[in-house]
Amino acid sequence: MRLIFAIILLSQLGFGVSGEKIFEDKCLSCHSDYIPQSKLLSNFEDHNNTILNLKVPTINQLSFALKHKIGDRKNDAEAQQFEIENFLIDYLAKPSREKSILSYKINHFFDKMPSIQLSDEEIEALSIYLYDYVQDIITKHGIEIHSYQKALEIAKKEKKIIVIYGYLPYCGYCIKMNRRVMVDDKVKKVFNQDFIMTKINLAIEKLPLNMQRMMSPSFYFIDSDGKTIIDKVEGYGTADEFIELLEMVKGNRE
Ligand code: HEC
């Protein structure tokens, strides 16, 4: 009886290979850990890779490229993750520049990748880990998102301005906003002092206070009473522009 129990337990352990652990063991020795997108941009676009001197893409570059270049991101998650898995099976066995999914503007900075042997099970776990990584990073490092009700409560208590971030799931500028602006340390510092964020999907949810939806992304600023609309703004902005917007909204508060 005990033996059967032990066997079941072992097979369960074997089944649950962790993608994170595999990445740590087999990939992290070369591919560096998370580096914020703003630092990467400045390094590659303004300084010709002379600041970070990266010879290998970072985990967030890989994860983002996989999620946005492989398969159809409008497919359901499982279908796209399967396409990523197939790409990795091929790429890890025979890496080559021709298969590169990174921008041609940056991939010439990198060394060549050696081929790596992994079991199908390990690659499946890796593909799930890398698929989820982008979202996990935004949740972990980005501005905290609350439900509207919760945001309202906090705003009342702490006299904060409610920001409704209106998005659509496949809007490229929303993704850019999430990756470049919402995770920026300077933005978060200014934001957290006086603001509280909630998000709504403009395709399926209604805005409060009878506000009309604008393009995505758009931002609707409501004062801590939950009734006064301070401002409405649509479109993408850089981290510095977003900070400027926040300062302006603060100034417009009655
Ligand atoms: C010995 C160092 C090394 C190890 C270990 C390594 N890589 Fe790489 N990897 C590289 C380099 C260098 C590149 C850039 C190659 C290029 O752009 O042509 C790369 C590129 C990639 C790319 C494609 C990026 C592109 O150009 O589109 C993927 C995907 C990738 N690695 C996944 C992995 C995974 C998953 C692991 C772990 C199982 C891993 N790598 C382990 C060095 C390594």
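Reply: Let's start with a word you'll need: the bounds of a domain here come from an automatic or database domain assignment. For this protein, that assignment gives domain 1 (18-141) and domain 2 (145-252). Keep in mind that this is a predicted model. The C-alpha centres of the two domains, domain 1 and domain 2, lie 30 Å apart. Where they touch, seven residues of domain 1 are in contact with eight residues of domain 2. On the domain 1 side, helix 3 and helix 6 (120-141) each supply at least two of the touching residues.

Five strands make an open sheet with mixed pairing, in the order 1-3-2-4-5. At the edges sit strand 1 (145-146) and strand 5 (229-234), each pairing on one side only. In general, strands of a sheet pair through backbone hydrogen bonds, either parallel or antiparallel.

Zoom in on strand 4 (residues 218-222), which pairs with strand 5 in the antiparallel sense over five bridges. In that pairing, F221 stands opposite D231 in strand 5. Strand 4 also pairs with strand 2, again antiparallel and over five bridges, and here I164 stands opposite Y220.

How covered is strand 4? Mostly: five of its five residues are buried. In a regular strand the side chains alternate between the two faces of the sheet. You can follow that here: S218, Y220 and I222 point one way, F219 and F221 the other, and all are buried.

Next comes helix 10 (residues 239-252), lying across strand 2 (161-167), strand 3 (195-201), strand 4 and strand 5, and running at about 155 degrees to strand 5. Helix 10 has 14 residues and reaches 20 Å from its first C-alpha to its last, close to the 20 Å expected at 1.5 Å a residue.

Which way does helix 10 face? Its buried residues are A239, F242 and L246. They're on the same side of helix 10 because they cover an arc of only 60 degrees around the axis. The cover over those buried residues includes helix 3 (37-46), helix 8 (172-181), helix 9 (185-194) and strand 3.

Definitions and conventions
Residues numbered from 1 in each chain as written. Predicted model: local features only at pLDDT ≥ 70, side-chain atom pairs only at ≥ 80, totals over all residues. Pairing = 2+ DSSP bridges. Helix = DSSP H or I, 4+ residues; strand = E, 2+ residues; numbered from the N terminus. Contact = placed C-beta atoms within 7 Å. Axes fitted to C-alpha atoms, helices over the stretch in contact; angles between N-to-C directions. Expected span 1.5 Å × (residues − 1). Buried ≥ 20, exposed ≤ 12 C-beta atoms within 10 Å, placed from the backbone. Arc of directions from axis to C-beta.
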